[in-house]
Structure formats: structure tokens, C-alpha cells
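This report covers backbone geometry, nonpolar cores and pockets. Please have the chain open while reading.

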Amino acid sequence: MSCDVLVVGDVVLPSGVVPGGAVAITDGRISGIYRHDELPDSPEKQDYSGCLIFPGIIDAHVHAYSSSSDQEGVYRLTRAAAAGGVSTVIDMPYDRPRATTTTELLRAKIDVVEREAVVDVALFGTTTKYDGWKQIVPLAQAGVCAFKFSTYETDPDRFPEIPDFELIKIFRELQKVGLVATFHAESGTIIDPLIEELRPLGEEHPEAHCWSRPPISESIAVLKLLELARAYPIKLHIAHLTAPQGYEAVEWYRAQGVDVTAETCIQYLLLTEEALREKGAYAKCNPPVRDEAIQSELWRRLFAGGIDFVTSDHAPWSADFKDKPNIFDNASGLPGVEHLLPLTYSSAVVDRALELPALAELLSAGPAKRYGLYPRKGALLVGADADVTVLDPSQRWTLDAGKGQSVARWSPYDGMKLTGKVVKTLVRGREAFDGNEVTAAEGSGAFVTPRHS
């Protein structure tokens, strides 16, 4: 049996690693997985012996248009993704100046994806604060892979807190379409008064941002959502969860039959409150980074299988939104899509001996399964899209944010020494990154929809 392209290396499968194996690609799909002693004929052999062949990484939490007026945009976002081994991104709906709440706005965004993307893109939809239930079915039919909501109000129009009874009506509509409801789960009734109380400390103590959003502000919001999902069963997902009590609640409700998953982000695994003291607003995100005890608990849960996947929550504010003396006057959000895989590989596999299939589950199969992209994406399986990421585990390097693809020329991880570097990204068999440069043409990426849409 022959194929178009043969990618040779240590192939990371759900069941284990095939040393010196190969992934065969034909017409943009995976046509075979082979051991070293059974390689087929191929007109093109890409030999990455000694390197790890992962399924294309999926970053299920990125923001192309949610940050500053100097927008990241689909083009820069997906170039950063390609350079980081990310073959598919799932973009949040809280775009400036208008969130993706209608089919017209969604179609306009799809047009941009089809013109500009260099990796594949799936999209979240969202709704208005009131009467949003009317937007669920049309947006689902138009191809969103999930819906994003918030229990905390960042902006009453673009990023609102959805009132409880409106959520009940939304949940009833979600039952019709079968898509996931992903939530930013924080309680404004706790956070907002704390911000006002702590604001006078915000110039001298940047970590006051952490104090203003304690773990209980997450866990209370999570508990409310779990109760709603038990009463009105839907597929519920909690984004960027840090609070251990929140994870305990997720586990308990899941045991009662609630269909719920939870993610954390790379910043919560690598940064603590100390980063606010050292880096100021360049380490400010919502929810905030936590203390060392909570960080250790997140690592424990990750190794125990209690975290469904890891994302970057890529939100690349330009530096002029991060330079205010008072921490509370600065924007929240960090860049991360370009470095999600190397950061996680270096910290989880190299430093803590996480098994490679577990890493692939956290960064690829987990989000693909939750958002309806599996088995087309998320694993190296025959018939799947030939999304392939090659990582050289022997390369040691220092992260230099100034060389990144994102509009943000900074990173809270700048200067971090890492082991493991992305040397190739393929999207549907097409090269997107060659190890040095993003090689994919603008518009070569595709808008992807869940399998049940």
C-alpha cells in the first residue's frame, strides 16, 4: 500500500507510543499507522527519527478579537497557533465591538476565517443578556461548535452575566441542539465589592488582584451552574477552573449523572501569586493565578485524570493595556497559544514524567471529544484529518516572546528555559510550520463544525 506522505518518528497514539513508527497521509487524511518494520512506499518521506509525532494540538480557548483595539485577528492568531504545533483553535465569541450573538455576525466571522486562517478554526457562539434563548438554534444550525456564557459581567452588552432564569430558557434550547455550554464561572457579588475595597492597595500590591477574586468566587458560581445542569440536563463545561472546591463539585455532580467537564489553563499550572509581584499586570488574568498549594492541587488532579483538558485562554493585549500603576486599571488576559504545547510538555512530561498519551489527551483528544470534533480531529487515527505535530524532545531553548507571531510582543513566560521544541505542524496533510517559519498561505485553514451540526 502506498501513500502521499510518510511522517516517521515516535508516534503518540491513545494506547501508547510506537517507536520509530510512521503516519501515512493520503489526500489530507491519515491512511495508516505503521511500525518501523512495516513502512509502506511513499513518494515523500519526512524523517523525524527521535522526534515525537503528536496528533495536531487543539487549543480550545483563544481570543482573536476580544482584546485591544489593536486586534490580534484570525491571521495573527492562527500563525501563532501554527508555530506552536496547534492545528485547530476554537475561538471565543466576545469580539469587539460586538459579540457573536447572531447568524449574521457568525457568517461574517466565518468569512474572515476562510480568508485569513492558516490553521483550522471552530467557533463559539453566545447570546445577549435577555431573550438569548432565541439565538441558540439558529447559531447551532449555522455551525458553532459550542456556546460560551458568563456568570460574571465584564461588559453588559459584549460580555454579560446571564441572569438565572434566562439561563434556564437557554438550557432548554440547548437540549434541542445538543451543544456544550461553556462558562466563565465567577461570582460578581463577591468580586466587585472586593475590588472596590482593595483598589487602594492596587498600586503597591499587584497581588491584590488575586485577593479580589478568591477561590470561593469560582466555586459558588460553579455550584449554581451544576444545579441548573442537574435540573435542566445539558452538556456543561467549566472554563479555566482553578478552585479545588470547584473540581470536587464537578466530580460529585458527574457521579450523579450530570454531563460536566472542566479545563484548566497553562498559566495556573506554571504561575502563582508571586508572578503578580514580579511581573505586575503582565501576569494578570481572570480567574487569577493562585498560591502554591492550589497550584500543587491542580497538578495532582491533572495526573489523576480530574482535569479534562488544558488550554491557553490566549488573550494578547498590547503592552499599553498592561502598563498602569494600579493593577486594577489594567486589562486581564495573557498570550499563550504559541507556547501551549512546549510549556506543557516541558513542565508535565520532562519535569514531572506525565505519560505521552496522557499529554495528547489533555491537549488534543480531550477538547476534540468535548466539542464534537472527534474522531475527525484529536488523535492519530486512520480516516482522521492529517493534523500532525512534530516535537523534538532533545531541543533545549529559551522562550523569547519578542520573536512570537502574536500581536503581543510579551509573555509571562519570557526567558523560561524549556525542553522540547515544535519542528513541524501539518494541517490536513499540508505544512503550516516548518520548524522555523510559518509556511501556510493565508486562507489555507478551514472553518470546522461539530460532527452533529
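Where is the place of Pro287? Pro287 sits in the loop between helix H10 (273–279) and helix H11 (292–303); helices (H or I, at least four residues) and strands (E, at least two) are DSSP runs, numbered from the N terminus.

## Basis of the values

This is a predicted model, in which local features need pLDDT of at least 70 and side-chain atom pairs count only at pLDDT 80 or more, while totals for chains, interfaces and linings use all residues. Residues are numbered from 1 along each chain as its sequence is written, and side-chain values use heavy atoms, with hydrogens and water left out.

## Backbone geometry

The peptide bond from Asn286 to Pro287 is cis, with omega near -10°. Another cis peptide bond links Arg96 to Pro97, with omega about 5°. Pro97 belongs to the loop between strand S6 (86–91) and helix H2 (103–116).

Asp27, a residue other than glycine, has a positive phi near 55°. Its loop runs between strand S2 (16–26) and strand S3 (29–34), and Asp27 is exposed, with a relative accessible area of 70%. Asp313 also has a positive phi, of about 50°, and is not a glycine. Asp313 lies in the loop between strand S12 (309–311) and helix H12 (340–350) and is buried at 9% relative accessibility. Buried means under 20% relative accessible area, exposed over 50%, and partly exposed in between (1.4 Å probe, protein chains only).

## Nonpolar cores

A nonpolar core is a set of buried Ala, Val, Leu, Ile, Met, Phe, Trp, Tyr and Cys residues joined through side-chain atoms within 4.5 Å. The largest has 112 residues, of which Phe147, Phe149, Phe171, Leu174 and Ile238 touch the most other members. Apart from it lies another core of 18 residues, including Val5, Val18, Ile25 and Val423.

Beyond its neighbours within four places in sequence, Phe149 is in contact (heavy atoms within 4.5 Å) with residues including Tyr94, Ile136, Leu174 and His184.

## Pockets

A pocket is found on a 1 Å grid over the protein atoms alone, as an open set of points where a 1.4 Å probe fits, with protein on both sides within 12 Å along at least five of seven lines; lining residues have an atom within 4 Å of a point. The largest pocket is lined by 30 residues, and Thr154, Asn286, Trp317, Ala331 and Ser332 lie nearest its centre.

The second largest pocket has 16 lining residues, with Glu338, His339, Trp397, Lys403 and Lys421 closest to its centre. Strand S13 (388–398) and strand S14 (417–427) are the elements that give two or more residues to this lining.
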